[in-house]
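Subject: Structure handover

Hello,

Here is the structure I said I would pass on. Please look through it before reading the notes below.

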Amino acid sequence: MSAHPLDPLSAAEQESLVKAARAAWKLDHRHLVAMLQLHEPTKEFLSKYKAGDAFPRFGRITIWDQEKAMVSEGVISTSGEVQSCTEIPGAKAPVLAIESERAIEIARKDQRVIDALKKRGINSADDVHMETWPIGAKIPDYIDDGRRVIWTPMWHKRDKDGNFYAHPINGLHAIVDIDKFEVVGIEDDEQTPIPQTAGPYRESQQESLVHLKELSIHQPEGPSFTVNGWRIDWERWNFRVGFDQREGLVIHDVRFNDNGNERKIAHRLSIAELVIPYGDPSQGAYRKNAFDTGEYGLGNFTNSLTLGCDCLGEIVYLDAAVTEGDGKVREIKNAICMHEEDFGILWKHVDIDGHPEVRRSRRFVLSSIVTVNNYEYGYYWYFYQDGSIEFEAKLTGILLTLGDNPHADHPSATEIEPGLYAPYHQHVFCARLDLDVDGPNNSVVEVDSFAHPMGPKNPHGGAFETSETVFKDEKSAQRLYDLMKSRYWKVVNPNKKNHMGKPVGYKLITGGNSYPFTLPESVLGKRAGFMYQHLWVTKNTEEERYPAGDYPFQHPGGDGLPRWTQANRSIENTDVVMWYVFGLNHIPRIEDWPVMPVERLGFTLKPMGFFKRTPAMDVAPNKAVCGCGSNCNCGH
Ligand code: NI
């Protein structure tokens, strides 16, 4: 039994939901569970909810009927109470792991694949690593467009435990119908040599030359946070951790204790989509435009953090569970990591008399890591003592590779070893930020800095001011970041003023960003229309959860944010959702090989007139660390 309505569905609850759905909707072997998610309670429900209240647990189950080629979405409780069940004509389910496995199995056995591999000197299809990718571009004309198909890039597993991404098999793919499980096409139209330079990275395969002395983090009194089910209390913060099969890590109900007054900041924070447009027109790359969140379900790929050294210090883990296509529930031990980190200095000043005051910064870290084929994405949420929240994506893993002739004219990829190319690409994230700054009714404001021309308003040429625009409707809130204006956006509560008479607010500070090169009229450009603006603001609606729509797989395009905002609803002083789109333009470096050192990308939410003064002021000096000698630099 869950303790709170926002708790993620436990393994037992997921099993009950599958059982209930099978009984209620007479599901059989044709019906796959494409996604099973908590049907999250509404704000209204939560506002009335009191600890200890009994509450039903509803799941949102997406069913794919393989025979009928139809998606249905059902909302049902663990005890079998049906709230709704709707068919979604035209929608295609995401690619399920069990479908991928079977597709690879039949592609491996296809005589044409076996023959084509032999032609390339590979005598067994078992020596080939195949992946199943959505066709993120136009589906070849010879394939009936009603079919749900994947294609299979291939790499040669030349060495035992070797890095097969060093050996792409170019120009050979199977296209597989993942409902009928038949190979509908073999593409074998480009013969380039398989690059042979190995790319070892395992400890057993290469000598580690660099050794440092041990660094360990000790918290002899234990960590400064408490975990009560899925509720976390740390410092003056409290919030609830969530986990979703599609989005992975989710944060609910973020509050900050402001001198005894608990104030709500956010209702729900998540990364609602991640799409990776590839910029190489060659045959092995132009289709690799995958929505890792919307076409697979990112939560499915969550790592168990038991084996690694993913976090350092006093760690508390949370387990998660996901339901597979066949209805079996898979538990992911240690899916979410929580710990504290020392984060340098929080603030410092040395007075004119030499008296120093300094505070160290501690941050709370909530993280999880997914492995999607070659790539890893770490999602890190940080909570700070000055009232800030930061999201950071850590991108690592292995570059996607393709083969071409050594030193070929190949303008959209980096040659990282002779004949081994890493195509240019972008990683485009979309955060769904449902802030409720001191209540649900908020407005979003754009703030630009600017200088008047030399004259009465700028007599010395150095003056600059800010101008604020409150977004009235959804169309006017489709915005790009503007470095020339040091642009930022803030979410304010016009009904709640700070002690200077201004609306309390939180600002969104953009981190690194990029703009898509994918043309808007391309198949991917239409499907991922959200990526052409850095900011979107919508009226909060329960159904509007994913910026490219619910079913981006083989979707004709236009869904999600571009469609919803056609209504151009009013977004002033109401419950709004802010969508922030941020991307990394990845021109691979030779040094990203054989494993890419972490690249970081994210954003920060910072109080902007929310507090009377900085909450960092209340933090005590860290006596344990500083000690007090004649050179004391810790302010006591
Ligand atoms: Ni990349």
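This is a predicted model: local features need pLDDT of at least 70, side-chain atom pairs count only at pLDDT 80 or more; totals for chains, interfaces and linings use all residues.

Residues are numbered from 1 along each chain as its sequence is written, and side-chain values use heavy atoms, with hydrogens and water left out.

Salt bridges

The whole structure holds 53 salt bridges (a side-chain nitrogen of Lys or Arg within 4 Å of a carboxyl oxygen of Asp or Glu). In one of them, Glu13 and Arg57 meet at 2.9 Å, N to O. Glu13 belongs to helix α1 (residues 11–24) and Arg57 to the loop between α2 (43–48) and β2, so this pair ties together parts 44 residues apart in sequence. Helices (H or I, at least four residues) and strands (E, at least two) are DSSP runs, numbered from the N terminus. Both Glu13 and Arg57 are buried; buried means under 20% relative accessible area, exposed over 50%, and partly exposed in between (1.4 Å probe, protein chains only).

Glu262 and Arg255 also form a salt bridge, at 3.5 Å, N to O. Glu262 is partly exposed at 41%, and Arg255 is partly exposed at 21%. Lys43, Asp434, Asp436 and Asp575 are linked in a network of salt bridges.

Asp65, in strand β2 (residues 58–65), is buried but has no salt bridge. The nearest side chain of opposite charge is Arg30, 5.0 Å away (Lys and Arg count as positive, Asp and Glu as negative; His and the chain ends are not counted).

Cores

The largest nonpolar core has 110 residues, and Trp381, Leu433 and Phe603 have the most contacts inside it. Strand β15 (residues 261–276) gives the most to this core, six residues. Another core, of 18 residues, lies apart from it and includes Leu524 and Phe530. A nonpolar core is a set of buried Ala, Val, Leu, Ile, Met, Phe, Trp, Tyr and Cys residues joined through side-chain atoms within 4.5 Å.

Cavities

There are seven cavities of 30 Å³ or more (on a 1 Å grid over the protein atoms alone, sets of points where a 1.4 Å probe fits but cannot get out; lining residues have an atom within 4 Å of a point).

Regards

Terms used
On a 1 Å grid over the protein atoms alone, a cavity is a set of points where a 1.4 Å probe fits but cannot get out, and a pocket is an open set with protein on both sides within 12 Å along at least five of seven lines; lining residues have an atom within 4 Å of a point. Grid points are joined across faces, edges and corners, and a volume is the space filled by probe spheres set on the points.
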